[in-house]
Amino acid sequence: MTKQSETILETRNVKLWYGDKEALHGIDLDFNSKGITALIGPSGSGKTTYLRALNRMHDLEENVTVTGSFNLLGKDIYAPTMDTVDLRKRVGMVFQQPNPFPFSIYDNVAFGLRLAGVKDKKVLDQAVEESLRAASVWDEVKDDLNKSALGLSGGQQQRVSIARVLATKPDVLLLDEPTSALDPVSSHNIEETLLSLRDKYAMIIVTHSLSQASRISDKTAFFLSGNLVEYGDTRKIFLEPEKKETADYISGRFG
Ligand SMILES: Nc1ncnc2c1ncn2[C@@H]1O[C@H](COP(=O)(O)OP(=O)(O)OP(=O)(O)O)[C@@H](O)[C@H]1O
């Protein structure tokens, strides 16, 4: 990371239950305002569960209980007064499957701004271009902005999904295995896009790919059975992990 960064998001003693099954057992993690944090760990270790708690996606499910503190720049994410639409603009989510809406590329990227009441065409045009440029897909789509986003390749759709999130000027981007449905070239393009954004945003990425985590992340958090086993600089986690479980996972002994 080249720029100075501060803590933007602090979580403490995060516990989460699906019904009466405790899936997270008290996670403490802080995130810098710039840079990429990878959440790694075997299947079922709680990575996605934790990620979705960060922008209250579990509110949409029944029977989920979340406790602990979630502090986004001094504001309690779970405060009853928190507007979840606003929260999800500030803490945007990119999913595993590219998920463009079935309308034009332009309308996809302008969606969040229009929802926020922006009508001025000049403002929208500028935000759409800036966001598509930031997501490294502008050159490929600039002549087709009025065509359906569903006609794009999976990799282009995923970069348009990233542009859609960037358009609302988030503080934090959550990325849930954003390349796992993509071919190697498209995955590489997404990684390059994320690297180009690391000096501007806090990004938290769930990934099953240890090579991806080591290539692109500044920090790595290793989850196991609903616990955070180890967290630190990615180089340190990969080269000199402190815990045996981390070393075993990194070296491919399980998971
Ligand atoms: N909607 C749900 N209802 C009940 N249990 C769930 C639900 N979603 C996840 N779980 C359970 O919570 C635990 C953590 O799952 P989670 O999906 O967060 O793990 P993960 O590390 O992201 O796994 P993966 O890498 O396979 O996506 C698992 O035991 C899982 O079975």
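**Exercise 1. Overall fold**

How many helices and strands does the secondary structure of the protein chain come to? Describe the chain as a whole.

*Solution.* Start with the secondary structure: the protein chain has 10 helices and 10 strands, where helices (H or I, at least four residues) and strands (E, at least two) are DSSP runs numbered from the N terminus. Next take the radius of gyration, which is 18 Å and close to the 18 Å that the globule rule gives for 255 residues, so the chain is as compact as a globular protein of that length. This radius is taken over C-alpha atoms, and the rule is 2.2 Å times the number of residues to the power 0.38. Along its principal axes the C-alpha trace spans about 55 × 40 × 35 Å.

The model is a predicted one, in which local features need pLDDT of at least 70 and side-chain atom pairs count only at pLDDT 80 or more, while totals for chains, interfaces and linings use all residues. Residues are numbered from 1 along each chain as its sequence is written.

**Exercise 2. Burial and the core**

Find the share of buried residues, then the core members that touch the most others.

*Solution.* Buried residues make up 41% of the 255 residues. A residue is buried if 20 or more other C-beta atoms lie within 10 Å of its own, exposed if 12 or fewer, and partly exposed in between, with C-beta atoms placed from the backbone. The largest nonpolar core holds 62 residues, and Leu39, Ala163, Met203 and Ile204 touch the most other members. Such a core is a set of buried Ala, Val, Leu, Ile, Met, Phe, Trp, Tyr and Cys residues joined through C-beta atoms within 7 Å. Leaving out residues up to four places away in sequence, Ile204 touches Phe31, Thr37, Leu39, Leu51, Val172, Leu174 and Leu175; contact means that the C-beta atoms, placed from the backbone, lie within 7 Å.

**Exercise 3. The ligand shell**

Which residues are around the ligand, and which helix gives the largest share of the shell?

*Solution.* The residues around the ligand are Tyr18, Ala23, Gly41, Ser43, Gly44, Ser45, Gly46, Lys47, Thr48, Thr49 and His208, counted by a C-beta atom, placed from the backbone, within 6 Å. Helix α1 (residues 47-53) gives the largest share, 3 residues.

**Exercise 4. Helix α3**

List the buried residues of helix α3 and their packing partners.

*Solution.* In helix α3 (residues 105-115), the buried residues are Ile105, Asn108, Val109, Ala110, Gly112 and Leu113. They pack against α2 (84-90), α4 (121-134), α5 (138-141) and α6 (154-166). Just after α3, Gly117 takes a positive phi of about 95°.

**Exercise 5. Positive phi in loops**

*Solution.* Arg56, with phi near 60°, sits in the loop between α1 and β4 (64-72). Arg56 is partly exposed because 17 other C-beta atoms lie within 10 Å. Lys169 has a positive phi of about 55° and lies in the loop between α6 and β7 (172-176). Lys169 is partly exposed, with 15 other C-beta atoms within 10 Å.

Terms used
Two residues are in contact if their C-beta atoms, placed from the backbone, lie within 7 Å.
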